[in-house]
Amino acid sequence: MTESFRRDGEYEQYENPHQGAQQQHASSPVNPEWPPPPAQPPLAPSQPAAFASGGAGSYGGGDGNGGGTALLTAAPAEPGAPAPAPKRRARGPLALLAAVAIVAAAIGGGTAYGIQELTGNDTVASSSTSTNVVPSSAKGTVAGVAKAVSPSIVEINATSNAGESTGSGVIITSDGEIITNNHVISGATSVKVSTSDGKTYTAKVVGTDSKKDLALIKLENASGLTPATLGNSDGVQVGDQVVAIGSPEGLTGTVTSGIVSALNRDVTVATDEGQSQGQGGGNDQWPFEFGGRQFNGDTGSSTTTYKAIQTDASLNPGNSGGALIDMNGNIIGINSAMYSATSDSSTAGSAGLGFSIPINTVKSDLATLRAGGTDN
């Protein structure tokens, strides 16, 4: 039944089968009706095998029995009729798909290679979207964020004529570039940095920007460090859960968590180096203005205002320059100002009022900082 159906409905285009064979021989060895229309029944599993193994009479022309009989029985072809190449016909779609795949792979690989060649190995790991720095097994947990990002957070001890201050910083390249607050290292004559594995480095100040309260320092003789991934602060929303890591009161690697309380808060800080009170030792707190009020002392007459992310994650003196992190492990802010309700360190505690410089502000300022900043 199948054989008869295919002879009548699929391959026999001519009333005289010999006439069809002669015209096919004259024009093309391949039947123009191949492959069969979608509405026709598919070939039986045994048919492709006979088709593939057939010799000169495996397809087309035939001995007057029609294309269908030749396909199923591998009958000899009519003398003088060339054998078609059904394999090439069948491989056409596969070859097209393979070519598309190869082109796509070449484009993807070439793009990745080009980016690597342009950026190098020690450039900042930055993302325009939220990437998953935290392993999938610990995704969305404070413990997972802390484990993934803590190796990228350092403690900074700066010595100046006014004394010593303690703050935090974020490693952004494997050879030791670190982002921190300007007020942490302002006026420093010596800067020491401790990494999460207990190693201590001497650092030099590369550039400062007092108008954004940012600074870039570089460790001496450092390599193989774990850089943080700088995220996209434009995607942050009120209510997002966040994690803060820093060295409050010199307690290295302290982890706290909370949420984003508000966005685009106007925070005013001092730009005068004389106002840099340091970030450790009880009463030493960085003064700032917010909502028309002054906190932690007088900011003085030389000030600057920036837009900040507000968080209720517990921040205390020493957290300055540390990281505010989303739950995928991306840095979304640099902690810069925190409110302490009292100057008495024995009764002080977090008031749930902390501010971070958006990481997109940091990324846009990196070239300036690497060139020495706006203060030089």
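**Strands, salt bridges and backbone angles**

Tutor: Let us begin with strand pairing. Strand E9 pairs with strand E14 (residues 323-325) in the antiparallel sense, over three bridges. Within this pairing, Ala244 has Leu324 of E14 as its bridge partner. Please keep in mind that the model is a predicted one.

Student: With how many bridges do E9 and E10 pair?

Tutor: E9 and E10 are joined by six bridges, again in the antiparallel sense. One example is Val242, whose bridge partner in E10 is Gly258.

Student: Is E9 mostly covered or mostly open?

Tutor: E9 is mostly covered, since five of its six residues are buried. As a general idea, side chains in a regular strand alternate between the two faces of the sheet.

Student: How should I read a salt bridge, and how many salt bridges are there?

Tutor: The general idea is that side chains of opposite charge can pair when their charged atoms come close. The rule applied here asks for a Lys or Arg side-chain nitrogen within 4 Å of a carboxyl oxygen of Asp or Glu. By this rule, four salt bridges are counted. One of them joins Asp175 to Lys218, with the closest N and O atoms 3.8 Å apart. This pair links distant parts of the chain, 43 residues apart: Asp175 is in the loop between strand E3 (163-171) and strand E4 (177-180), and Lys218 is in strand E7 (residues 214-219).

Student: Are Asp175 and Lys218 buried, partly exposed or exposed?

Tutor: Asp175 is partly exposed, because its relative accessible area is 23%. Lys218 is also partly exposed, with a value of 22%. The reasoning needs one cut-off: a residue is called buried under 20%.

Student: Which residue forms a salt bridge with Asp266?

Tutor: The partner of Asp266 is Lys307, and their closest N and O atoms are 2.8 Å apart. Here too, distant parts of the chain are linked, as Asp266 belongs to strand E10 (residues 254-270) and Lys307 to strand E13 (residues 303-311), 41 residues apart. Asp266 is partly exposed at 41% relative accessibility, and Lys307 is partly exposed at 44%.

Student: Which residue does Lys212 meet in a salt bridge, and how accessible is each partner?

Tutor: Lys212 meets Asp209, with an N to O distance of 3.6 Å. Lys212 counts as partly exposed because its relative accessibility is 29%, whereas Asp209, at 2%, counts as buried.

Student: Let us turn to the backbone. What is the phi of Glu249?

Tutor: The general idea is that most residues other than glycine have a negative phi. Glu249 is not a glycine, yet its phi is positive, near 55°. Glu249 is placed in the loop between strand E9 (241-246) and E10, and it is partly exposed, with a relative accessible area of 40%.

Student: Where does Asn264 lie, and what is its phi?

Tutor: Asn264 lies in strand E10. Its phi is positive, about 55°, although Asn264 is not a glycine. Asn264 counts as exposed because its relative accessibility is 57%.

Student: Finally, what lies 3.1 Å from a polar side-chain atom of Ser165?

Tutor: The backbone oxygen of Val184 lies at that distance from the Ser165 side-chain atom. Ser165 is found in strand E3. With a relative accessible area of 9%, Ser165 is buried.

Technical notes:
Residues are numbered from 1 along each chain as its sequence is written. This is a predicted model: local features need pLDDT of at least 70, side-chain atom pairs count only at pLDDT 80 or more; totals for chains, interfaces and linings use all residues. Side-chain values use heavy atoms; hydrogens and water are left out. Helices (H or I, at least four residues) and strands (E, at least two) are DSSP runs, numbered from the N terminus. Buried means under 20% relative accessible area, exposed over 50%, partly exposed in between (1.4 Å probe, protein chains only). Two strands pair if DSSP finds at least two bridges between them. A polar contact is a pair of N or O atoms within 3.5 Å; within protein, one must be able to donate a hydrogen and the other to accept it, and residues adjacent in sequence count only if both atoms are side-chain atoms.
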